[in-house]
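Here's a walk through one chain, from its overall build down to a single residue. Have the sequence and the model open side by side as you read.

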Amino acid sequence: MSASENSTAAVLALVAPDMAQVDRVIAQRLDSGVPLVGEVAKYIISAGGKRLRPVLLLLACGALGYTGAQRHNLAAVVEFIHTATLLHDDVVDESTLRRGRPTANESFGNPASVLVGDFLYSRAFQMMVDADSMRVMQTLADATNVIAEGEVLQLMNMHDASLDEEGYLRVIRSKTAKLFEASARLGAILSGSPAAIETACADYGQALGTAFQVIDDVLDYDGNAAEMGKNLGDDLREGKATLPLILAMQKGTPAQSQTVREAIETGSVDRLSEIVAIVRETGALEATRHAAAAEAQRAIDAAMQLPDNAHRQAMVVLASQLLNRRT
């Protein structure tokens, strides 16, 4: 195990007892009178992953001293919302592989994936009412709405090679980082922390989520399909102008820029190896990693405003090790 994997494992070990309780809540709340609902939901939830969003909520609660049962309930809520977005995402993107195995839409069909995603959203909203807090409901309702807006924005940007870095960041801060932000903010809300601490938690989550997605986009051109559990070049196939491609067009020669532009506009992966070479040769990959490092540092700076304890240190480690992720 590498040093970074060891550090991340230590972070996950810190919240492992809480995550076991979250898993119990998830299993209980997935119970449905309709067998297919539970079957599809369990299929995707059992696929693995680090479950960073519930982990983030639990770390924030730990850092701020909240030990109430609602931390388990709301951690399950954010995992349900995330899972619902994955189900819908994979249908929209026509994805066939996630975390090394067939997507739910590949296994059960598009209608089942969409409808079970709807079930998970509605079940999440039932569960958030249990917290009996308007601030909790406002945070999660706002986050869910922003995520949906981000999905539509991304759809509008498909095959648009003129998308700039600002437009790209707007999408990922809505689509990906918003739920990270909400997860960390909920820890502050549950603990009754002052506004400055709540803002620090939200800033941490947003920066961490942004860095997470930027690195994910790096791995589409610098990753290993077996390690990542998804097909390399999927972003290009879907016509997504992600940061490595945006920077490659900015930094490359006119001919290189035109090659990348045409690939985005057509969604063709026929010249994928050439695109990968351009992304590397122009320094776009290194520049993208630098952008992710800046976001990770922003997350660390925000975390340092929280009380000094093991959970805060784990939040710092999570941000610092994010840049080394390969999956």
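The protein chain exposes about 13,600 Å², and carbon and sulfur atoms supply 52% of that; such areas come from the Shrake-Rupley method with a 1.4 Å probe, and for residues only the protein chains shown count as cover. Keep in mind that this is a predicted model, where local features need pLDDT of at least 70, side-chain atom pairs count only at pLDDT 80 or more, and totals for chains, interfaces and linings use all residues. Residues are numbered from 1 along each chain as its sequence is written, and side-chain values use heavy atoms, with hydrogens and water left out.

Of the 327 residues, 56% count as buried (under 20% relative accessible area; exposed is over 50%, partly exposed in between, with a 1.4 Å probe and protein chains only). The chain has 18 helices and 2 strands, which are DSSP runs numbered from the N terminus (helices are H or I, at least four residues; strands are E, at least two). Its radius of gyration is 19 Å, close to the 20 Å that the globule rule gives for 327 residues, so the chain is as compact as a globular protein of that length. That radius is taken over C-alpha atoms, and the rule is 2.2 Å times the number of residues to the power 0.38. Along the principal axes, the C-alpha atoms fill a box of roughly 60 × 45 × 40 Å.

In H3 (residues 35-45), the buried residues include Val-37, Tyr-43 and Ile-45. Among the elements covering the buried residues of H3 are H5 and strand E2 (101-102).

H5 (residues 70-93) is also where Asp-93 is found. Is Asp-93 buried or exposed? Asp-93 is buried, at a relative accessible area of 14%. Leaving aside neighbours within four places in sequence, Asp-93 is in contact (heavy atoms within 4.5 Å) with Met-158, Glu-238 and Lys-240.

Next, the second largest pocket, with a volume of about 190 Å³. Of its 14 lining residues, the closest to the centre are Asp-89, Val-92, Ala-148, Glu-151 and Val-152. On a 1 Å grid over the protein atoms alone, a pocket is an open set of points with protein on both sides within 12 Å along at least five of seven lines, and lining residues have an atom within 4 Å of a point. The volume is the space filled by probe spheres set on the points. H8 gives the largest share of the lining, 7 residues.

| Lining class | Residues |
|---|---|
| Nonpolar (Ala, Val, Leu, Ile, Met, Phe, Trp, Tyr, Cys, Pro) | 7 residues |
| Polar (the others, Gly among them) | 4 residues |

Key: On a 1 Å grid over the protein atoms alone, a cavity is a set of points where a 1.4 Å probe fits but cannot get out, and a pocket is an open set with protein on both sides within 12 Å along at least five of seven lines; lining residues have an atom within 4 Å of a point.
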